[in-house]
Amino acid sequence: MCGIAGWVGRFDGEPDAAAALRAMCDAIRHRGPDDDGYHLAPGVALGMRRLSIIDVAGGSQPVANEDATIHVVFNGEIYNYRELRQRLARGRHRLTGHGDTETLPHLYEDDSDRLVHALRGMFAFALWDARRQRLLLARDRLGIKPLYYWRADAGVAFASELRSLLALSCFRPDIDRHAVGQYLAFGHVPDPDSILSGVQKLPPGHVLIYDQPADRVRITQYWSPIQPPLARIDEQDAAHELRRLLADAVACHLESDVPVGAFLSGGLDSSAVVSFMTRAVSHPVKTFSIGFTEPEYNEAPYAAEVARALGTEHTELIVRPDADALVEDVIESFDEPFGDSSALPTYLVARLASDHVKVVLSGDGGDELFGGYTRYGEILNRREVRPAALRAILRRVARLLPHATPGRNRLLDLARTRWGRYAATVALAPASDDGGVLLPDIATNVGMLDALLDRWTRQTTDRDFLTRMMLVDVQSYLPGDILTKVDRMSMANSLEARVPLLDHHVVEFALALPAHLTRRDHVGKWLFRRAIAHVVPPAVLTRRKQGFALPLCRWLRQDIAHRVRALLRPDSPIYEFVDRAAVQRVAAEHQRSRRDHSHLLWRLLALDVWLSALTRGELGRSSPQRSVAYVGLSTTA
């Protein structure tokens, strides 16, 4: 696991290329505190920071082919690297190390741009081909690992995090107003956009080729989660095949030269991952969980119950964090504004695990692949108001009513299409008339909630509505929110997090399933439950779903209420993008307990803190780590 950065082309604003490249890598030192490496040539700069996981002693980067005409810097893990090394060794290739990164330049010699099809894992890498004078950037199929690129006047710069680009003296960090609108709607900036003008994310499952002599960029998609549906499949056979795929995915994700642990919440997904882990290793698995003192947010007892049943070496932390100090610690660990408050407990459990192991497995991805979110069922069980003219009338009436009028939000909800209702579960309304806070020009540019989903639904019209919702989540919410959160919060603590449920073999099978095997009788994860029924402790299958959350509503009214009040200061940087009167209304309604606006207020708070840190120049350095106040630590064997 590493962080990568560099450029190809003319970057005349950087007179000292070596110093500039080192500054880019120093900015992401938290991603790889163990080692660094650089390759410099005229018009070429490749750099990396390394967290040593595989081939600890000999896996330094950049790596090259035999004649040093191809160089690679790599972030991630390739779980099938042993098979690839055997294949390459049978050919004309000479491998000198023992790791996974070394396979890439040799695979490129054999397969050119198609090398990505041979890779099983999570990755983002940059490959420079000196013979053809071309740069190849690649990102894994699901977007587990991040990769940004900046198309400059005569070249391309790239980085695992935006803070590396901020370290370049020739880079101007101008905020993209449209991206701010998307952020306040989704809680993150969806790819391919970024919060900074001129910088884009390489989308999951894509490669970028930069032809330096022609100064031309070409981006192509090599993988899509949209799979042909399985027309006929026996349920028992499907459960057996899914169980086999899950066991294989977990086993290959255990590939490491350092100890591997797991996050354990006690829910279906993490319990399944840990259960398969215990079957694949001969020693007790180290598991970690976080709990809060408030019972309704505390999953620790469930995790401890599963840990006892599986015989793991379990460490739990019941915390009362210093919420006020934690705000900066978490928000400034993100290189873009990020509005999912569950980043806080994720940060805490990552910090806990990092004291014991370098690698953890996580259960993320199960809800998106197997229909686990309760919102799926709620939307499927409600009918769309018709005709469209009636929905338009309801919408007009609702917008004429004062915001605090009882039933106003219900009218707005009835006025939505089926897709609009789904969109309202993953995005907040941009326009102030609909409860949003954006300035009119940005809100208009962002558009209606339904329109925000258009690019993720165009190619799925032949699938059932449940699968289409899942596919939108896999292409947007999963990489933009869930995987971004896990990557940044683990990397802020120099911890590698792996997500075996997102092995692409599992994903392709899951997203090809018919809806009746995904959700049945108002129960989500139908086939997943059958597949793991004799693997996990029985109590896991009957436990009610509980999200990984924290008492944010109360915190914003009490513990960090002063943060909400601070949002109203006239000099806050958010008012370049949002309407102050609308923010005042939202804050007042929340404080008076008339409505829970915690999601929107947290997004505004995160934006305020992030923009302030950017202005102070504090985002261009390695992710900070501050002290956090804890209450209670217990370890159970």
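Partly exposed residues are those between buried, under 20% relative accessible area, and exposed, over 50%. That helps with several of the close-ups below, all taken from a predicted model.

View 1. Gln-133 belongs to the loop between β6 (121-129) and β7 (134-139). With a relative accessible area of 30%, Gln-133 counts as partly exposed. Its phi is positive, about 55°, even though Gln-133 is not a glycine. For context, most residues other than glycine have a negative phi.

**View 2. Ser-494 also has a positive phi.** Here the value is about 50°, and again the residue is not a glycine. Look for Ser-494 in the loop between α19 (465-491) and β17 (496-498). Is Ser-494 buried or exposed? Its relative accessible area is 19%, so Ser-494 falls on the buried side of the cut-off, which is under 20%.

**View 3. Two prolines follow cis peptide bonds.** Going from Gln-61 to Pro-62, the peptide bond is cis, with omega near -5°. Pro-62 lies in the loop between β3 (44-50) and β4. The bond from Asp-191 to Pro-192 is cis too, with omega near 10°, and Pro-192 is in the loop between α5 (177-186) and β10 (199-201). Most peptide bonds are trans, by the way.

**View 4. Six strands line up in an open sheet.** The order is β4-β5-β6-β7-β11-β12, with antiparallel pairing. For β4, two bridges make the antiparallel link to β5 (residues 70-78). Zoom in on Val-63 and you'll find Val-72 of β5 opposite.

**View 5. Val-8 is a buried residue in strand β1.** The strand covers residues 2-9, and Val-8 has a relative accessible area of 0%. Leaving aside residues up to four places away in sequence, Val-8 touches several others, including Trp-128, Leu-135, Val-156 and Tyr-210. Ala-154 is 146 residues away along the chain, yet its C-alpha atom is 8.8 Å from that of Val-8.

**View 6. A nonpolar patch shows on the surface.** Leu-390, Ile-393 and Val-397 make up this patch, and together they have about 230 Å² of accessible area. Leu-390 is part of helix α13 (residues 388-400) and is partly exposed, at 37% relative accessibility.

View 7. The average pLDDT is 91, and 95% of the residues score at least 70.

Notes:
Residues are numbered from 1 along each chain as its sequence is written. This is a predicted model: local features need pLDDT of at least 70, side-chain atom pairs count only at pLDDT 80 or more; totals for chains, interfaces and linings use all residues. Side-chain values use heavy atoms; hydrogens and water are left out. pLDDT is the predictor's confidence in each residue, from 0 to 100. Patches are made of residues with over 30% relative accessible area and no salt bridge: like charges are joined within 9 Å, nonpolar side chains (Val, Leu, Ile, Met, Phe, Trp, Tyr) within 5 Å. Accessible areas come from the Shrake-Rupley method with a 1.4 Å probe; for residues, only the protein chains shown count as cover. A salt bridge is a side-chain nitrogen of Lys or Arg within 4 Å of a carboxyl oxygen of Asp or Glu. Helices (H or I, at least four residues) and strands (E, at least two) are DSSP runs, numbered from the N terminus. Buried means under 20% relative accessible area, exposed over 50%, partly exposed in between (1.4 Å probe, protein chains only). Two strands pair if DSSP finds at least two bridges between them. Contact means heavy atoms within 4.5 Å.
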